[in-house]
Amino acid sequence: MGFYSPNGAMQRILADQIGALEAQGRPGLGQQLSVTWLRYGHSLRQSAAGASSDFDAAGFWQRPVAGAAWNGERPRYPASVVKLLYLVAAEAWLQRQLIGEGPELRRALADMIRDSSNDATGLVVDLLSGTSSGPELPPAAFAQWSAQRQLVNAWFEGLGWPEWAGCNACQKTWGDGPYGRERQSYGEQLQNRNRLSTDLTARVLHGVMAGALVSPPACIRMQELLARSLDPAERAADPENQVDGFIGGGLPLDARLWSKAGWMTQAQHDAAYVELEGHRPFLLVIFSEGSERAQDATLLPELTRALAASCRLAEEATIESSTATA
């Protein structure tokens, strides 16, 4: 069962806005872009904050939210957005006592999400899989190493989500690229690179923000790491703030933002949950591929701004209609 219910009005808005952006001088944008967009009637965080140990996570997943998507099921290289999945897996491993709690792990998780540290991510992946980087391995040893690297994939597949089809989260993230057994793991044609869809990413963030993955306390810890400041001074002090050039760049300064971005020479991605004063919260995941898109610092903010404005206009029209009827 899908976790969101396709909404025709939202789908038309999304398609119209993507078409408008493409017409503004971004040829081929429709093929380079994947988007999943959800809207809520209330703050998702209320569920996590108020949930007890007997929180009905199964019941939560049976209540689809309104949404729309563009190429939402298409797996793409996720860059650092995959770190969101490694964060969830780490909390799940901790709950099952498969890894040990400690300040160094918490420091790595914080740096992985807040600063998008690749070094921290490498440690987390090693802990989750019981593997380590190093020189190439002979066939038998490499087969065992590769099986260990599938542990995160196996856990997500075990959730039974249809959105997981075609996805892969078994590789570290890199500055210069993988070497030795890490490059060996990618395959000759890079066929074993990480792959995520915006639908799957949206479902993960949806569950984290609602307290419906691992446990409500674990989700609150994850939310604290995902929270982003929109303060202009703080953003100016950190050129890699994961706001400017991303979804947060299209938000008013009084918005509240929880997000994880990903960027490289061939990708500019973001996954975000947003609360706007006086308007309905929304969740938005945007993956854009290609060197032109990776250098386009206005695409994600422009699309976010347009979708948020469309929501406000629809809400105001609904209020005016209700008032006139009354």
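The residues lining the largest pocket divide into eight nonpolar, seven polar and six charged. Here Ala, Val, Leu, Ile, Met, Phe, Trp, Tyr, Cys and Pro count as nonpolar, Asp, Glu, Lys and Arg as charged, and the others, Gly among them, as polar. This is a predicted model, where local features need pLDDT of at least 70 and side-chain atom pairs count only at pLDDT 80 or more, while totals for chains, interfaces and linings use all residues. Residues are numbered from 1 along each chain as its sequence is written, and side-chain values use heavy atoms, with hydrogens and water left out.

Back to that pocket. On a 1 Å grid over the protein atoms alone, a pocket is an open set of points where a 1.4 Å probe fits, with protein on both sides within 12 Å along at least five of seven lines, and lining residues have an atom within 4 Å of a point. The largest pocket has 21 lining residues, and Tyr77, Asn118, Trp174, Gly175 and Met264 lie nearest its centre. Helix H10 (181-186) and strand E5 (256-264) are the elements giving two or more residues to this lining. (Helices, H or I with at least four residues, and strands, E with at least two, are DSSP runs numbered from the N terminus.)

Now for the helices. Two packed helices are described by the angle between their axes and the distance between the axes. Axes are lines fitted to C-alpha atoms, for helices over the stretch in contact, and angles run from 0 to 180 degrees between N-to-C directions.

Take H5 (residues 82-95) and H9 (residues 151-158): their axes come within 11 Å and cross at roughly 85 degrees. H5 and H9 are therefore roughly perpendicular; angles under 35 degrees count as roughly parallel, over 145 as roughly antiparallel, 65 to 115 as roughly perpendicular and the rest as oblique. Their contact (heavy atoms within 4.5 Å) uses Leu85, Tyr86, Val88, Ala89, Ala92 and Trp93 from H5, and Leu151, Val152, Trp155 and Phe156 from H9. By class, that's ten nonpolar residues, no polar and no charged.

H5 also meets H7 (residues 118-129), with axes within 10 Å and a crossing of roughly 40 degrees. That makes H5 oblique to H7. Among the residues in this contact are Tyr86 and Trp93 of H5 and Asn118 of H7. Eight are nonpolar, two polar and one charged.
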